[in-house]
Amino acid sequence: MKPSLSLPTYPTELEDWWWNQAVQKWPEYGEEKIINLIRKEVITQSDRFNKTRSFDPQSYGARDLSLLTYGNFFFPRTWNAMTVSMAEAFSYRGWSKPKKGPIRVLDIGSGSGASGLSVLHFLKKFKVPNPVTLDAWDYSGKSLAFLKNIHSRNSQLWPQTKVTTQRTDLRDPRQKNIKERFDLILVGYSLNEISQCSELEECVHRIESLADLLSPNGFMIITEPADKNTCMTLQSIATAVSTNSKKLFNHAPYFNGLQCPLNESDSHYYSHEVRKTGSPQRVEKINQPLRLETHQVKFGMAMLSTKQPRPQPKDFSVCRIVSPVSKKKGTVSFIGIAGDGLEYRYEIQRRILHPDQIKILTKLERGDILNVDSGEIGKDKNRIRIPSFTSISWPFSPRWDIRE
Ligand SMILES: C[S@@+](CC[C@H](N)C(=O)[O-])C[C@H]1O[C@@H](n2cnc3c(N)ncnc32)[C@H](O)[C@@H]1O
């Protein structure tokens, strides 16, 4: 299939940079010993992300081992999640850069900068001519120092960009009076940590208050880990913010400002993306005995803006895939959330498809957006029959160039 956009791959310069930091930290250790240290810490951090879910300023932003583990193992993952989300804002949702002057990006809970720096890299890869400023906020001073260092030591990856960091606890209600307005606000894998133990209402209020920092065309992009609870909470927050506040509109993952229907239904699925990625060699080496998932990035995503979403047909002719694509019972099928905010099963008979066409369809991914012309509602009104291969197009289907 021809993707709608080729995504810039995670730079090898950063893979090498993070590894060199580890080597410089432990010059007396050999490669295997460093890798083993990092492996142990990957397990601790994975357990923290997936099981204990307890975070404080010491969690992984204070110790060198934690930071170097995050950089060498987790950083490419959150980088890729923000790259693909930025691609959606940029190529499909109608985010527009200022006509002149700098593009101002704010990264909330930036850590060592995977999300913010991925956006600088993305904008420069797509030859956006404006200078770009990145403001990064986090309560971990050490993480912010890493961010500054990565930025200045790899300046060829993001020419004409400037970084400012600010150490701050984002739960502090005495948040400063900020006059600046931002074209992009990124909240990369940090909302769940900043909001741990908070009531939904408090999270909603936190996101609403960020609306005041957006420029008139600005977008807020939130990515979160892919576990079911976190993703459902994210969609509940996005729904509540866009219904209550009138300041923010819900742009993605779905259409026409509509909310995620999966939270309310007894669907087998919940809103999250599953994207095939390449994986840096170092990540693979660390992962060898651990066997964690490294060839896919799974994440929850929401996109909000003070401007109205681009209108899409309010029917099943546009949809976002929310399930794996399956080849069963003589059909190729998938579940999609459509332009009317409803969940449908889309099906196409395999007997009318050439094997190459089946191959193309099975490469569609969770998160791709499709247009489906001349689909027909079946006996079951939630089932859409697609009459031919040529009825389907994929206006948002970004891919990394992965050699198989
Ligand atoms: C999983 S990391 C994500 C880092 C980065 N955004 C990324 O995309 O990789 C979460 C970050 O949120 C920060 N954080 C959590 N709670 C915070 C708070 N209350 N105030 C400021 N930063 C916080 C942590 O220090 C950490 O850097």
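Biologist: Is the crossing in which α7 passes α8 left-handed or right-handed?

Modeller: In this predicted model, the axes of α7, residues 200-211, and α8, residues 228-244, come within 9 Å and cross at roughly 60 degrees. On the side of α7 the contact involves L200, C203, V204, I207 and E208, and on the side of α8 it involves S236, I237, A240, V241 and N244. The crossing of α7 past α8 is right-handed.

Biologist: How do the residues of the contact of α7 with α8 divide into nonpolar, polar and charged?

Modeller: The contact includes I207 and E208 of α7, together with I237 and N244 of α8. Taken by class, its residues are seven nonpolar, two polar and one charged.

Biologist: Which residues that surround the ligand are the closest?

Modeller: The ligand is surrounded by 20 residues. Two elements, α4 (114-125) and α6 (191-194), each give two or more residues to this shell. The closest residues are T78, G109, G111, A114 and G188.

Biologist: By class, how many residues of the shell around the ligand are nonpolar, polar and charged?

Modeller: Among the elements that contribute to the shell is α4, and the closest residues include A114 and T78. The shell has four charged residues, six nonpolar residues and ten polar residues.

Biologist: How many of the twelve residues of α4 are buried?

Modeller: A residue counts as buried if 20 or more other C-beta atoms lie within 10 Å of its own. Among the residues of α4 that are buried are A114, G116, L120, H121 and F122. The helix is mostly covered, and the buried residues number ten.

Biologist: What covers the buried residues of α4?

Modeller: The buried residues include S115, L117, S118, V119 and L123. Their cover includes the helices α3 (64-91) and α5 (141-153), along with the strands β2 (103-108), β3 (132-138), β4 (161-167) and β5 (182-188).

Biologist: How far apart are the end C-alpha atoms of α4?

Modeller: The expected span is 1.5 Å times one less than the number of residues. For the twelve residues of α4 this gives 16 Å, and the model agrees, so the end C-alpha atoms are apart by 16 Å.

Biologist: Is S66 buried or exposed?

Modeller: S66 belongs to helix α3, and its C-alpha atom is separated by 8.2 Å from that of I38, 28 residues apart along the chain. Because 20 other C-beta atoms lie within 10 Å of S66, the residue is buried.

Biologist: Which residues does G218 touch, not counting those up to four places away in sequence?

Modeller: G218 is part of strand β6, residues 214-225. It is buried, since 24 other C-beta atoms lie within 10 Å. The C-alpha atom of P98, 120 residues apart along the chain, is separated from that of G218 by 9.3 Å. The residues that G218 touches are R181, F182, D183, L184, I185, S305 and T306.

Biologist: Which residues does a cis peptide bond join?

Modeller: P253 has its place in the loop between β7 (249-252) and β8 (273-276). Omega is about 20 degrees for the cis bond, and the residues joined are A252 and P253.

Biologist: What is the phi of N256 near?

Modeller: N256 lies in the loop between β7 and β8. With 19 other C-beta atoms within 10 Å, N256 is partly exposed. Its phi is positive in a residue other than glycine, near 55 degrees.

Biologist: With which residues is N371 in contact, leaving aside its neighbours within four places in sequence?

Modeller: N371 is found in strand β14, residues 369-372, and counts as partly exposed because it has 17 C-beta neighbours inside 10 Å. Its C-alpha atom and that of A338 are 9.6 Å apart in space, with 33 residues apart in sequence. The contacts of N371 are S317, V318, S393 and P395.

Methods:
Residues are numbered from 1 along each chain as its sequence is written. This is a predicted model: local features need pLDDT of at least 70, side-chain atom pairs count only at pLDDT 80 or more; totals for chains, interfaces and linings use all residues. A residue is near a molecule or strand if its C-beta atom, placed from the backbone, lies within 6 Å of it. Helices (H or I, at least four residues) and strands (E, at least two) are DSSP runs, numbered from the N terminus. Ala, Val, Leu, Ile, Met, Phe, Trp, Tyr, Cys and Pro count as nonpolar, Asp, Glu, Lys and Arg as charged, and the others, Gly among them, as polar. Two residues are in contact if their C-beta atoms, placed from the backbone, lie within 7 Å. Axes are lines fitted to C-alpha atoms, for helices over the stretch in contact, and angles run from 0 to 180 degrees between N-to-C directions. A crossing is left-handed if the near helix is turned anticlockwise from the far one by less than a right angle, and right-handed if clockwise.
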